[in-house]
Amino acid sequence: MGKTETIINFILKRIFNYRTLILLFLLTSIMTPAQEERSKVGIRPYPRDQAHEMTGGDRVANWKPGIGNYDDLLKSDDYTALNMDVVKGYDGVFRSKQRFFEHYIHQQGGDWVDSNPKTNKLIKTIGRYENKGNEVKHIIICREGWLYDKVNGDTGPIDGDPRILHQRDVDDTRKVFKDAHALGLTKHDNYKLIQMVVHPAVFLDDPKAREIVSTMDGVCIESHQYNRYWPLGNKISNPEEITRGAKWVLEQGMDYIFYYGPYQYKGCDTYTDFLERDWLNAFWKKGLPKHHKNMYYYLNAFPHGCGNSRPVGPESDPYSYLGFAKWLIQELENGN
């Protein structure tokens, strides 16, 4: 091989390498924003193990032993185990270390935030998650004093939505975050506070409520297929109003959580095939953002009422909780 031919081959090889690098760069540029911009999925998984399954749950989350549990039915190489973004109160074989949980002001045994970080129950909960190597993504917080005292349980300052916090609640919680971090009790000096609401847009239409929520990090709306949320389209289960509230939250750069479930199943007189999917499609058709980096679809996947026979898995069963979760993740991931 002559010197000239060797130089030509060298130049061609360099050109090929450069073209390969450019192609990889372009592919990465296209794919990375798509992943960053997509909505995320979380899950509240019940029952978690065999012992939990055999309890049958309680008055809120109740199931028939035999539906299975996540310890037995979720495998480490399952699609849902690998691709679930956020999980509540359970590790199992989910790859994600992102966690969310609910917190009610009255859980600490008083009407106001416990300002002592060493005794504050919210700080203790955060510490338990972090000590296991997890990251606290969202704290879904509200006032529901009537859960703890049906007669005298305190609510928030907004008549139209009793779950909304007092501004004092927000400020005191932020302060206890900083104090706890200074003492080494938590990893961070602040966490995302997500206001759980009853009504889909009172937090937007009421000026005082809007002012309070604006000092938080997002809003969470529940959507059950039972009780006051049924049927779809009533006052607090109205896709247009929920969409209006969600879009405002996202426009502010905050997080919006659509906390979906529990769902009906074949034991319910009003259940139709894949009703759990149909509800989501109805919301999307009315404009609820399907693809947005600050949009979260958290599956409130606990068996309840006439829906308590839905199986946990496996994910190959499209009617199961894991099967539904897989379907939703793929819907959002594929950009449909």
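A: In this predicted model, Asp-255 is in contact with His-138, Lys-192, Ile-194, Asp-217, Gly-218, Val-219, Val-249, Asn-294 and Tyr-296, its neighbours within four places in sequence being left aside. Asp-255 belongs to strand E7. With a relative accessible area of 2%, Asp-255 is buried. Its side chain is joined to that of Lys-192 by a polar contact of 2.8 Å.

Phe-100 and Tyr-259 form an edge-to-face aromatic pair, with 6.0 Å from centre to centre and 85° between the planes. Since Phe-100 lies in strand E3 (residues 98-104) and Tyr-259 in strand E7 (residues 255-260), the pair ties together parts that are 159 residues apart in sequence. Tyr-260 and Phe-324 are both buried. They also belong to one aromatic cluster, which is formed by Phe-258, Tyr-260, Tyr-263, Phe-283, Trp-284, Tyr-297, Tyr-321, Phe-324 and Trp-327. The count of aromatic pairs comes to 22.

The surroundings can next be described through the nonpolar cores. The largest nonpolar core has 79 residues, and those with the most contacts inside it are Ile-139, Phe-258 and Leu-299. Helix H11 (residues 321-333) contributes the largest share of this core, 8 residues. Apart from this core lies another, of 12 residues, among them Phe-100, Ile-140, Cys-220 and Tyr-296. Tyr-296 is also one of the contacts of Asp-255, and Phe-100 is the partner of Tyr-259 in the pair described above. For Leu-299, residues up to four places away in sequence not being counted, the contacts are Val-41, Gly-42, Ile-43, Arg-44, Tyr-260, Tyr-263, Phe-324, Ala-325 and Leu-328.

The ring of Trp-284 has the charged end of Lys-290 sitting over it, 4.3 Å from the ring centre. Gly-287, which follows H10, has a positive phi, near 110°. Elsewhere, the charged end of Arg-143 sits over the ring of Trp-112, 4.9 Å from its centre.

The cysteines complete this account. A search of the whole structure finds 1 disulfide, formed by Cys-268 and Cys-306 with their sulfur atoms 2.0 Å apart. The torsion about its S-S bond is about 100°, so the disulfide is right-handed. Cys-268 is in the loop between E7 and H10 and Cys-306 in the loop between E8 and H11, so that the pair links distant parts of the chain, 38 residues apart. Cys-268 is buried, with a relative accessible area of 5%, whereas Cys-306, at 33% relative accessibility, counts as partly exposed. Cys-220, a member of the 12-residue core, counts as buried at 0% relative accessibility. The cysteine sulfur closest to that of Cys-220 is in Cys-142, at 8.8 Å, too far for a bond. Cys-142 likewise counts as buried, at 0% relative accessibility.

Definitions and conventions: Residues numbered from 1 in each chain as written. Predicted model: local features only at pLDDT ≥ 70, side-chain atom pairs only at ≥ 80, totals over all residues. Heavy atoms only, no water. Core = buried A, V, L, I, M, F, W, Y, C linked by side-chain atoms within 4.5 Å. Buried < 20%, exposed > 50% of the residue type's maximum accessible area, 1.4 Å probe, protein only. Helix = DSSP H or I, 4+ residues; strand = E, 2+ residues; numbered from the N terminus. Contact = heavy atoms within 4.5 Å. Phe/Tyr/Trp six-rings, centres within 6.5 Å; stacked < 30°, edge-to-face > 60°. Lys NZ or Arg CZ within 6 Å of the ring centre and 35° of its normal. Polar contact = N/O pair within 3.5 Å; in protein donor to acceptor, adjacent residues only side chain to side chain. Disulfide = S-S within 2.5 Å.
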